[in-house]
Amino acid sequence: MHKNKIFREFVCNLSIEETAELCFKTSRTVTQWDSGKTIPPECKRLMRYAKKRQISDHKSWEQFTMIHDRLELPTGQLVAPQQILIGIALLSIQSELELKTTSKLIRYSRELARMLVESKSHT
């Protein structure tokens, strides 16, 4: 089974017919992709968008994906819309405790980002 077929069927959960309709292609073209012919980047993007796996093509959203009704963070954590709203509300309160917490979170985030960059450079 070619990686294109795995991408279409298992990652995007699309049938040949759904993919053809979505990308304005024929079923024959999609079958050729499944056999190894290169999928055009714009069609791959449409397929990801259709199943809400890719949120945006902007680089800052690169590691974020949608899994069903949850946003998957780069850390692997799945969050619901309510959790995001609560987090934003807590950050906007700006009490002294929240400011200290925010400061610590930023420090941890920077350290994690540094560690991720280092681990990618060692592979």
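Which residues form a nonpolar patch on the surface, and with about how much accessible area together?

## The model and the patch

Met-1, Ile-6 and Phe-10 are the ones: together they form a nonpolar surface patch with about 350 Å² of accessible area. Patches here are built from residues with over 30% relative accessible area and no salt bridge, joining like charges within 9 Å and nonpolar side chains (Val, Leu, Ile, Met, Phe, Trp, Tyr) within 5 Å. The areas themselves come from the Shrake-Rupley method with a 1.4 Å probe, and for residues only the protein chains shown count as cover. Met-1 sits in the segment before helix H1 (3–11). Met-1 counts as exposed because its relative accessibility is 67%; the scheme is buried under 20% relative accessible area, exposed over 50%, and partly exposed in between (1.4 Å probe, protein chains only). Helices (H or I, at least four residues) and strands (E, at least two) are DSSP runs, numbered from the N terminus.

A quick word on ground rules: this is a predicted model, where local features need pLDDT of at least 70 and side-chain atom pairs count only at pLDDT 80 or more, while totals for chains, interfaces and linings use all residues. Residues are numbered from 1 along each chain as its sequence is written, and side-chain values use heavy atoms, with hydrogens and water left out.

## The largest pocket

The largest pocket holds about 980 Å³ of space. To spell out the term, on a 1 Å grid over the protein atoms alone, a pocket is an open set of points with protein on both sides within 12 Å along at least five of seven lines, whereas a cavity is a set where a 1.4 Å probe fits but cannot get out; lining residues have an atom within 4 Å of a point. Grid points are joined across faces, edges and corners, and the volume is the space filled by probe spheres set on the points.

There are 26 residues in the lining of this pocket, and Leu-73, Thr-75, Gln-77, Leu-105 and Ser-109 lie nearest its centre. Helices H5 (81–93) and H6 (96–121) each bring at least two lining residues, and H6 gives the largest share, at 13 residues. By type, the lining splits into 16 nonpolar, eight polar and two charged residues. In that count, Ala, Val, Leu, Ile, Met, Phe, Trp, Tyr, Cys and Pro are nonpolar, Asp, Glu, Lys and Arg are charged, and the others, Gly among them, are polar.

## Salt bridges

How many salt bridges does the structure hold? There are six, each being a side-chain nitrogen of Lys or Arg within 4 Å of a carboxyl oxygen of Asp or Glu. One of them pairs Glu-111 with Arg-114, at 2.2 Å from N to O. These two are three residues apart in helix H6, so about one helical turn separates them. Glu-111 is partly exposed at 34% relative accessibility, and Arg-114 is partly exposed too, with a relative accessible area of 38%. Elsewhere, salt bridges with shared partners tie Lys-5, Arg-8, Glu-9 and Asp-34 into one network.

Glu-9 is partly exposed at 25% relative accessibility, whereas Arg-8 is buried at 3%. Asp-69 and Arg-70 make another bridge, their closest N and O atoms being 3.6 Å apart. Here Asp-69 is exposed at 51% relative accessible area, and Arg-70 is partly exposed at 32%.

## Loops and a contact

Two non-glycine residues with positive phi are worth a look. Asn-13 has a phi of about 55 degrees and sits in the loop between H1 and helix H2 (16–23). Asn-13 is exposed, with 56% relative accessible area. Phe-24, also not a glycine, has its positive phi near 55 degrees, this time in the loop between H2 and helix H3 (27–34). Phe-24 is exposed as well, at 74% relative accessible area.

Back in helix H2 we find Leu-22, partly exposed at 25% relative accessible area. Leu-22 and Leu-46 are 24 residues apart in sequence, and their C-alpha atoms are 7.3 Å apart in space.
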